[in-house]
Amino acid sequence: MSSLVKHTTRDLRWHNRSALLTHLYVQGPTSRNKLSRVFGLSSATVSNIVSGLIADGLVEDAGLESSDGGRPRSVLRVRSQYGHVVGVDIGETHIRTGLFDWSLTMVAAWEHPIADTKLDPYEVARLVIQGVAEVTARAGLDPDRLLGVGVGVPGAVRSTPEAPDRLLVHAPTLGWSGVRLGDMLRSGISAPLAIDNCARTLGQAEMWLGVGRDARRAVVALIGVGVGAALTPGSKAGPPASDASTIEWGHTVIQAGGLLCRCGSHGCLEAYAGAEAILHSYQATLGSLPFTATGTEPRLVELTERAHTDPVARQTLNRTAEYIGIGIGNLVNLLDPELVVLSGWAGSLIGPTILPAVREAAERHTLPYLQGHTWISVGQLGQEAVAMGAATLPVSRVLAGGGAPEPAQ
């Protein structure tokens, strides 16, 4: 009986440690007194937990804050030097790898363009392993000392019943079906490894560190060559990323009998609002000009810049805004989120230009009683958002466990 009590007490202590650490990580610096009020714990309990977090290098004192008439209180924050994580964005046009410190500030980056969207999985795994080696070498870090490596993929990640830890990646945009990517990566990566859908990881990054910090529930829309989305709980919910659910938003039909989509259906949103679809729409319009750039991303940059002076480019982006607005109207009517975030590399690129038109179109396609409930914004994390989102996977594991017993060097 005594061992059961000790076990329960220990579990409670580590649960409280995880909760306080997560709050500090996601909500930002705060005082011991505020932590005590938020979690309903005694000052002594909070002090003991915080002392342990400081001793393990996870948290540090960050100066004083003024109080109403009382003594200034010390403020706590996560200690960025605790360790490092790597996030990898496997996209249809690139592999981006970022090295981040414990506070998810980028330390080093590496990118490899992908010309062929149906790359051999072993080649992709080799490039991911190379990227991890590149960013850690640039920072002078031993890759074996990483807190973890997170990988975001443009597809579904499923475990097998016979081996729950063995993950299979189904990514039609890459031509993958049941690829054992984790097994391939573990041959060259010794740090803890996590793989998830890039829309979910992107959503977590935006909710923790981006525009969704104060939202209770949001849809984070990933617009690249493909179009996807994740229904994501607010930052106050904290980890894990599995709290978010992916939505096949890009394959909702917005035009009956419309353009052929990569999925085989017709009239999908992706066939009108994906990066390649936008470029094709421009090139198919009378009066369009040849591109000087090569590659999907450079050409979309060129098109966005042209929209300031080229009426055909401007017309193309206005059409795109209408389609995205229709898609968002559908999301609002179905899910009534507090926030919709346009993100992904293409969404971040064209978002500032088309945002007013997207908001107007979305309102026209939203039920009257739901209008005004949802705010539409562009993501704040830029082109590195997916890599940063992938880096939240190993961070989530550390937070959920209350921190590793020994700090990384």
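**View 1. Strand 7 (residues 148–153) is mostly covered in this predicted model.** Six of its six residues are buried, where buried means under 20% relative accessible area, exposed over 50%, and partly exposed in between (1.4 Å probe, protein chains only). Gly-148, Gly-150 and Gly-152 point one way from the strand. Val-149, Val-151 and Val-153 point the other way. In a regular strand, side chains alternate between the two faces of the sheet. Strands are DSSP runs (E, at least two residues), as are helices (H or I, at least four), numbered from the N terminus. Residues are numbered from 1 along each chain as its sequence is written. The model is predicted, so local features need pLDDT of at least 70, side-chain atom pairs count only at pLDDT 80 or more, totals for chains, interfaces and linings use all residues, and side-chain values use heavy atoms, leaving out hydrogens and water.

**View 2. Strand 7 pairs with strand 4 (residues 84–90) and with strand 11 (residues 193–197).** Two strands pair if DSSP finds at least two bridges between them. Strands 4 and 7 run parallel and are joined by five bridges. Here Asp-89 stands opposite Gly-152. Strands 7 and 11 are also parallel, over five bridges. Val-153 faces Asn-197 in strand 11.

**View 3. Five strands form an open sheet in the order 14-13-12-15-16.** Pairing is mixed. Strand 14 (245–247) and strand 16 (375–378) are the edges, each pairing on one side only. Neighbouring strands are turned by 25° against each other on average, direction ignored. Strand 13 (residues 227–233) pairs with strand 14 in the antiparallel sense over three bridges. Ala-229 stands opposite Ile-247 in strand 14.

**View 4. Helix 10 (residues 311–335) lies across strands 12, 13, 14, 15 and 16.** The helix runs at about 150° to strand 12 (217–223). Axes are lines fitted to C-alpha atoms, for helices over the stretch in contact, and angles run from 0 to 180 degrees between N-to-C directions. Contact means heavy atoms within 4.5 Å. Helix 11 (residues 344–364) packs on the sheet, touching strands 12, 15 and 16. Its direction makes about 150° with that of strand 16.

**View 5. Leu-104 and Asp-336 have positive phi values.** Most residues other than glycine have a negative phi. Leu-104 has a phi of about 65° and lies in the loop between strand 5 (94–101) and strand 6 (106–113). Leu-104 is buried, at 4% relative accessible area. Asp-336 has a phi near 50° and sits in the loop between helix 10 and strand 15. Asp-336 is partly exposed, at 31%.
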